[in-house]
Amino acid sequence: MLKFKFLSLSLLLWIVVLSPSIAQKTAFTTEDAIRVKSLGSQTLSDDGKYLAGMVMDGSARFDTDHFRFQDPSYLNVLPGELVIINTEDASEIRPYAGAAKITSLAWAPNNTEIAFLEEKEEKLHLMVYDVARKKLRAISISGNPLIANSELTWTPDSKSLLVHTREASWLESAMAIYNEATSGPTVVYDGSKPFLKWDEIRNTNSLTEVHQVNLSNGKASKLLPESNYNGINVTADGQHLIFNEVFPLKTAYERNKGTEYQTAYLNLANQDSAKILYPRNEKRRNFTWTENKSKYAWVDSGYVFIQTLGEDDVKNLTKGKAYADEEKKKEVKFSIMTWSPSEGKLLLSSEKGYWLADAAGDQLEMIYELPEDKEIAPSLDLLNWSEDERYLFFNYSSKEKWERGFTRFDLEAKQMDDILINSNLYTNVQKSKDGSKYILSVSDGDMPPNVMASDASFSNMKSLTDLNPWMNNKNLTHSELISYRDMDGKELKGVLYYPVDYEPGKKYPLVCEVYETFFDNGYNRNMNLIANQGYFALRPSVDLEIGYPGEAWVKGITSVINKLVDEGKVDNDKVGVHGVSYGGYATSLLITQTDRFAAAINISGKVNIISFLGDSPKIGTRNYAAAEVGQDRIGGSLWDDPLKYFATTAVLHADRIKTPHLILTGEGDWNVPGTNSRELYYAMRRLGKEVVWVNYLKGGHGAGWASGESDYHDQWKRIFDFYEKQFTKEKEKAKEEDSTN
């Protein structure tokens, strides 16, 4: 019996030593965070046989020159490895031996060629790769125009590409405006001009011509003169080009003002044949086209209209056919979801549910009623209408728990059925033209996603990528969806990430990463690095109220912290908080209202919402809009509601701060310039507060994380050291207070 016990113990020790899942797991480091790969720019051929994309890791952005934002000559195409995957057997083709700077991937209708733009020596080159012949060729365009970083559009015969180009004179004139604004020697800002200077630069940078390039000989024919084009389509018969134009009129401080929009089409055989579908108007009109681009639908004042290209007859499909209030004759307002494959019906939506409209204008029927409580009703995103027009396929996500996947609505039975629902994350869903094959990214919620192929049943998924197998040997966090109530009693959700060495019953430090609302999990670099420090990490949600945004973080975040402390998970004296951009702003504002935290870190976040109105000139009036009607949620202008601006400006309340504060900025940050964040450093220093400001001279928005590799590591080290120092101090302080008492 003793011998048997000895052998069992030996076997157990052998398993512990050799098992990679136990013995060989190592810490997830900042070096590892850079190594994590993803497949971006995913583009599926119409027949679903080939998926193209760019494999990149965290180093791709390290060479970004943030100081050249809006520079007309700066392309900044990120490097990666172009991969073409056969979705039937997962075999790969790599047209390049290593990394290349590639953008604008576009499959030809013949499904065997893919076009893209490659940046070399700060110029874009038109490239075509033939998958069947495994041949890469550069297309030399006649006249040698400058190619703009824009979408590529194939003609239906796969013989030509529509390319956005520019004359050499455009670059000269665009650079002259840019250089005047950046180099001077004198820069004049004249309020009587129609545009802010950087809006003028942006408008100039948006101008292109459109050429049709014959791929056999490179001959280019100009289709559209220089303008700002937004959306180019060719009809399935190859006869017509449909295009949208944007006409900036002036710099406006109100949304949907200062710009006009137009939609037109022309016969490709006659470039002078342009006809207007929607004349220039400040109200943007979005058209929903059939697959072959022969018919289009739009919404005006809640009514749905359809028209056939080239014809004058317009049909209103919904007027007088559905009422939200029968007694008051209040009609239902609709949105368009999609055309049916046969183009004989449209799927519409309203506040109440989904509707089916006959394109002939004869019938309108509600087919699915949405739950009344929109806050808890699951999210349904339409994926596809089956070719036989019986089923609608949806991407499904619960708002109450991690239940995600796919559902199918049977149009005959008027019934919604689950296809696949579980806790996994399903994102980046693409489908073949006939809907028989789906390509999607799948994650268990903690690991980086891999790309899978499936049919419409989603029951037999097969893996197409395994981008990060080495991560199986790393200590990674696991996540949990938690519920809590804020100070107003409103139920909120947050995502809690466990320390990698978690032991039930033991208390750990906690670091909160704040922004707005968090629900879904998924691989998260920051959370894994924090969890590997032996901390809990938390992404809490807040209920932001227009006019009083500053209160939300205190009401929500402090409540969930106390909940975790009361549960015995978190050490009450070791709680930190940080955020990036809007989250950095929230962090600095938060510590003017509470002493709850042992440490706080603002990464590229503003601290003065008043001076911030004019602190980011390269993005025009965005900061005014953000404060008045956007993310900052002030709800009015500085002159309408000055006290609300004062209340949400951290620097004005710096005297109340007791929390040690680390401020991280990037000198090249054109989004939230470091000059704004540094105001709090000077204020806290003047007031004798504990504060450190680190400005990365090559950094952008994200400070050291948006800089070079050495700055990336440096910023993480400073963050870890700052938390550990303050947590240790806070614990020692608590011990002293206990001994005194």
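User: Does Ser350 count as buried or exposed, and what is its relative accessibility?

Analyst: The model is a predicted one, and in it Ser350 lies in the loop between strand 25 (345–349) and strand 26 (353–358). Leaving out residues up to four places away in sequence, Ser350 touches Val332, Lys333, Phe334, Trp355 and Leu370. Buried means under 20% relative accessible area, and Ser350 therefore counts as buried, at 12% relative accessibility.

User: Which strands stand at the edges of the open sheet of eight strands?

Analyst: The open sheet has mixed pairing and the strand order 37-38-40-39-41-42-43-44. From one strand to the next, the twist averages 20 degrees.

User: At about what angle to strand 41 does helix 7 run?

Analyst: Strand 41 (residues 570–580) runs parallel to strand 42 (residues 599–603), and five bridges join them, with Val580 standing opposite Ile603 in strand 42. Helix 7 (residues 582–590) lies across strand 41, strand 42 and strand 43 (661–666), and its angle to strand 41 is about 135 degrees.

User: Which strands does helix 10 touch, and what angle does its direction make with that of strand 43?

Analyst: Helix 10 (residues 674–686) packs on the sheet, where it touches strand 43 and strand 44. The direction of helix 10 makes an angle with that of strand 43 of about 155 degrees.

User: Which residue does Glu690 meet in a salt bridge, and how far apart are the closest N and O atoms?

Analyst: Glu690 lies in the loop between helix 10 and strand 44, and its partner is in helix 11 (residues 709–740), so the pair, 39 residues apart, links distant parts of the chain. Both side chains belong to partly exposed residues, with 32% relative accessibility for Glu690 and a relative accessible area of 35% for Lys729. The partner is Lys729, and the closest N and O atoms are 2.9 Å apart.

User: What parts does the salt bridge between Lys222 and Glu209 tie together, and how many residues apart in sequence are they?

Analyst: The side chains of Lys222 and Glu209 meet at 3.4 Å, N to O. Lys222 counts as partly exposed at 41% relative accessibility, whereas Glu209 is buried with a relative accessible area of 7%. Because Lys222 lies in strand 14 and Glu209 in strand 13 (residues 208–214), the tied parts are apart in sequence by 13 residues.

User: Which residues is Pro225 in contact with, leaving aside its neighbours within four places in sequence?

Analyst: Pro225 is found in strand 14 (residues 220–234). The C-alpha atoms of Pro225 and Phe243 are separated by 12 Å, although these residues are 18 apart along the chain. With its neighbours within four places left aside, the contacts of Pro225 are Thr208 and Glu209.

User: What is the phi of Ala90?

Analyst: Most residues other than glycine have a negative phi. Ala90, found in the loop between strand 4 (79–86) and strand 5 (92–93), counts as partly exposed at 28% relative accessibility. Its phi is positive, near 65 degrees.

Notes
Residues numbered from 1 in each chain as written. Predicted model: local features only at pLDDT ≥ 70, side-chain atom pairs only at ≥ 80, totals over all residues. Heavy atoms only, no water. Pairing = 2+ DSSP bridges. Helix = DSSP H or I, 4+ residues; strand = E, 2+ residues; numbered from the N terminus. Axes fitted to C-alpha atoms, helices over the stretch in contact; angles between N-to-C directions. Contact = heavy atoms within 4.5 Å. Buried < 20%, exposed > 50% of the residue type's maximum accessible area, 1.4 Å probe, protein only. Salt bridge = Lys/Arg side-chain N within 4 Å of Asp/Glu carboxyl O.
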